[in-house]
Amino acid sequence: MESSSKLPLHLCHVHKLSIFINRTHIFFHSIALVFLLYYRASFFFFQDTTKTKATTLAWLLVFVSEIFLSFEWLLSQSFRWRPVSRTAFPERLPGDDKLPAVDVFICTANPEKEPTVGVMNTVLSAMAMDYPPEKLHVYLSDDGGAAVTLKGMREAWRFAKWWLPFCRRYGIKCRAPEAYFSAEEEDADFGGSEFIEEREDIKLPELMGEIWVQEKYEVFKKRVRERATVGDTRSGLSRDHPAVIEVIQETSSDDAIQENETKSMPLLVYVSREKRHSHPHHFKAGALNVLLRVSGVISNSPYILGLDCDMHCHDPSSARQAMCFHLDPKISPSLALVQFPQKFHNISNNDIYDSQLRSAFWLLWQGFDGVGGPCVSGTGYYIKRLSLCSNSIHEVEFPDGDPMKLRQSFGPSNEFIKSLHQNNKPDMLIHRKNALLNEAQLLASCAFENGTEWGEEVGFMYGSVAEDYFTGFRLHCKGWISVYCNPPRPQFLGSGTTNLDDFLVQGTRWTSGLVDVAISKFCPLIYGPLKTYTFVQSMCYAELALFPIFYFLPLWCFATIPQLCLLNGIPLYPEFSNSYFIVFSFVFLSSISKHLYEVLSTGFTFRHWINEQRIWMMKSITSRLYGSVDALMKKIGMREASFFPTNKVDDAEQLKRYNMGVFDFQTSILFLAPMAALVILNIASFAVGISRVIFLGELDKFFIQVFIPFYVILMNYPIVEGMLIRKDSGRIPPSVTLLSAIVSLIFYFLGCIIFM
Ligand SMILES: O=c1ccn([C@@H]2O[C@H](COP(=O)(O)OP(=O)(O)O[C@H]3O[C@H](CO)[C@@H](O)[C@H](O)[C@H]3O)[C@@H](O)[C@H]2O)c(=O)[nH]1
Ligand SMILES: [Mn+2]
C-alpha cells in the first residue's frame, strides 16, 4: 500500500515521432506557401500586357483565398505542435472514503426528439457508475418541462433498485441497460474477456437473476412508453412553465430488495427550470447554470460530470479515471477539467458523413492537450465546481468579504453563496429539506439571474450556442488548464448523426456558435494570446473560432473562380513548364498526403480519407456559410439565437442508407442547391477545359485549372450520382437538379459579364 501510494496516478506520453514528422512538414510546407504567395503577389507588382481588370479581379480573389487558407493552415498547426496522450491508474487511488463527491448533470430538452427511454438509460448508466453511491448525485435538467420525463425519472429510480445491485454483483461493464441487453452474445461488453469466461460459469440462480432483471427492464420501458402516449399535457409548454424540482424517492416496497441495497443508491434529482417567453433562457448553458445552483444547495459536490442525454456511461470507471488527475497534487490546483472524447455507438464502417468527428477526438484534442488542454467538449467531462464559480485561478478560496459583491455576482441567495465555500456540505435530506427545496425553486427561477454575472463571468457562458467551446476558452483565459483522457475502452457513448440533414443542421449550429465568439470581443486571436496557458493554445482556440470563415470563403471561391475563368479562357495558375508549377503541385500534394497520413495513422482507411475530403467540401459550402451568416445576423440584431436539439430518433430508411454508405439527400433545398449547382458548374468547366486542351492545345496553360474541377467532381461523385443516376427516395430530386442547373447558368452568365 505504502509503495503503491507513491506511484504516479497518471502518466503523460509525449508523441515524439509525431512531433518530428509534424514539425518537419510545417517547415517544408511553409516554405512552399511563401513561394506560392510570392508568385501571386508578384502578379500585382509587375507590369504585364495581358493584365486586364477582369484578370486582376480573378487573381485578387484567388490570392485572398490562398491567404485565408494559408493562415488557417498555420493556425491549425498549433494542434500538431505537441501531441500527447495520457494513461490513468485508477487502481492507485486512495480508498473510497477519500474520494471526493461528484454531481452528474444530464440535460434533456425535447421528449419527442430525445425519447425518454434513451434519456433514462443515460440516467441509469450514471447512477450505476463504479463510485461510492453516497458520493454520487445525478441531476437531470428537463428543458422541455415534460411530465413524461418526470415520470420516467420515477420509473428509472424503481428500476435502478434492481439494475444497480445487478451491475455491481456481476461487475457489468456496460451499465446502460438498453445497450447491455441488446449487445450481441460475443460483445465484450460483459466485463471483458475474463468476465466472459466467468459468465460461462454463471450458476443457474444468477442466470435467472439476469433474466429477471431483463424482465424488469421490459416492464420499465413499457411503463415509460405508456406514459409517453397518454397525452403529455405539459410538453407543449416547453417555453412557458414554472420550476419543478423533485428529489426522486420511491419508497413502495413491493419488491424484496434488501434495505441496504436501496440505501446504496445515488441521489436522483429532477430539475425543470422556470421558463417564460419574456426571459431569454440561454439554451443548454442556461440549463447547466440552473443545475449548478440547484445542486449547490443540495449536494454541492466539488466535481461535476457533464453529460448530454444521449450519451451514456459505457464504462463505469470514468469517475475514478478522472480522479487520477483531479487528485494529483501536482496539477490539481490549476486543473479545471478532465475531458473524455465523444464516441458514438451508431457509427457505420464507412462513416460517410464523418459523424464520429475523427479529426477532433483522435488527433486535434491530443495536440490541444499538449499545449494547455482541450476546451470543454459538450459532454463527457469532469469539471471542478470551483473553476466555474471563481474569477481567476488565484481566487481559490472564496473571499469571506463583501457579501454585497457576492450577491451581485452570484444572485440573491444566501444559501447558494454559502455553498461557494467548498467544505459546506448541505445536510439536505435530514433537517432542512423543505427549506432547501424552496431555495432551489428560487435558484431555478428565470428572474434569478437578472443583473448578476451568470453566463458572463460565472458558470457556463452565454453569448454562443457553442457554450462548451466558449466556456472552455474563458476558463483557460483565467489560467486554468485541462487534460484529455482517451482510454482504449470508450468511457461514454452517444448517438452520432446518421443522415445528411441532421449533420448539416448540427454543423450550422456549431459554426454559428463558434463564429459568435470569433466576432465578439472575446475573439481568441485578440483576447487569448497573453491569457491562455501557452500562446499555442490560444492559436488552437483561434483556429476553432475562425475555421468556418476561413473555409467557406476560399472554398466558394475555388469552386467558382478558376472554373469561370477557364470558361472564359483566363489562366490563373503557372503553366506546366513554369517552375512555380512545382510549388503549386507541392502545396496540393503535401496537404492531401499529410491529411492521408493523419487518417491512416489514427487507424482509419483510405476510404475514410475520401469521406473526410468530401464532407469538408460539402460542409464548407453549406453549413459553414449559413452558420457564419447566422452569427453575423445575430450580431446585428437581425436574428434571434436558436438551438434546435439534434434528432435522436433514427428514420429506418435513412439509417439503412447510412449503414450502406449511400448518401441521403433528403435535406433542405438550401443545402442541396448550392452543392448541386457548384458540381454542375464544375462539370461544365471541366468539359470546356478538356475541349480547350484537345482542340486548342492549351494543356500547358490550363493544366491546373482543368485539374481543379476534375478533383471537385471526383470527390463529389455521390452528388453527380444523386442527380443523374439514382432513382430512390434519397436521391437529389429532379426539381432541385433543375433549379441548380439554372443557378449554375446564372453563375456562368455573371462570370461572362465579369471576366470577359
Ligand atoms: O435548450 C436546450 C437545448 C439543448 N439542450 C441539451 O443539450 C444537449 C446537446 O444537444 P444536442 O441536440 O444533442 O446537440 P449536439 O449537436 O449533438 O451537441 C453538441 O454540441 C452542443 C453545442 O452546440 C454541445 O452542447 C453538446 O454537448 C455537443 O455534444 C442535449 O442533451 C439537449 O437536451 C438543453 O438542455 N437545452
Ligand atoms: Mn448530441
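Predicted model: local features only at pLDDT ≥ 70, side-chain atom pairs only at ≥ 80, totals over all residues.
A residue counts as buried here when its relative accessible area is under 20%. Keep that cut-off in mind for Asn-346, which at 12% relative accessibility is therefore buried.

You'll find Asn-346 in the loop that runs between β9 (335–339) and α12 (358–370). A polar atom of its side chain sits 2.8 Å from the backbone nitrogen of Gly-496. Leaving aside residues up to four places away in sequence, Asn-346 touches Gly-494, Ser-495, Gly-496, Thr-498, Asp-650 and Tyr-658.

The loop between β9 and α12 also holds Asp-354. Asp-354 is buried too, because its relative accessibility is 11%, under the 20% cut-off. Now check its backbone: phi of Asp-354 is near 50°, a positive value in a residue other than glycine. Most residues other than glycine have a negative phi. Asn-300 is another case, with a positive phi of about 50° although it isn't a glycine. Look for Asn-300 in the loop between α10 and β7 (303–308); with a relative accessible area of 3%, Asn-300 is buried.

From α10 we can move on to the ligand. The elements that each supply at least two residues of the shell around ligand 1 are β3 (102–108), α10 (283–298), α17 (467–477) and α18 (500–518). Of the elements, α18 gives the most, with 3 residues. In total, 22 residues surround ligand 1, and the closest are Cys-107, Asp-143, Glu-467, Arg-509 and Thr-646. Sort the shell by class and you get 8 nonpolar, 6 polar and 8 charged residues.

What about individual polar atoms around the ligand? A polar side-chain atom of Trp-510 lies 2.7 Å from an oxygen atom of ligand 1. On its own, ligand 1 has 680 Å² of accessible area, and the protein covers 96% of that.

Next, take a look at helix α16, residues 433–443. Its buried residues are Leu-436, Leu-437, Glu-439, Ala-440 and Leu-443. Seen down the axis of α16, these buried residues fall within an arc of 155°, so they line one face of the helix.

Our last stop is Glu-575, in the loop between α20 (535–567) and α21 (580–601). Glu-575 counts as partly exposed because its relative accessibility is 34%. Along the chain, Glu-575 and Lys-701 are 126 residues apart, yet their C-alpha atoms are separated by 4.7 Å. Not counting residues up to four places away in sequence, Glu-575 touches Phe-581, Asp-700 and Lys-701.

Conventions: Residues numbered from 1 in each chain as written. Chains lettered and ligands numbered in written order. Heavy atoms only, no water. Near = heavy atom within 4 Å. Polar contact = N/O pair within 3.5 Å; in protein donor to acceptor, adjacent residues only side chain to side chain. Areas by Shrake-Rupley, 256 points an atom, 1.4 Å probe, with all protein chains shown as cover. Helix = DSSP H or I, 4+ residues; strand = E, 2+ residues; numbered from the N terminus. Nonpolar A, V, L, I, M, F, W, Y, C, P; charged D, E, K, R; others polar. Buried < 20%, exposed > 50% of the residue type's maximum accessible area, 1.4 Å probe, protein only. Arc of directions from axis to C-beta. Contact = heavy atoms within 4.5 Å.
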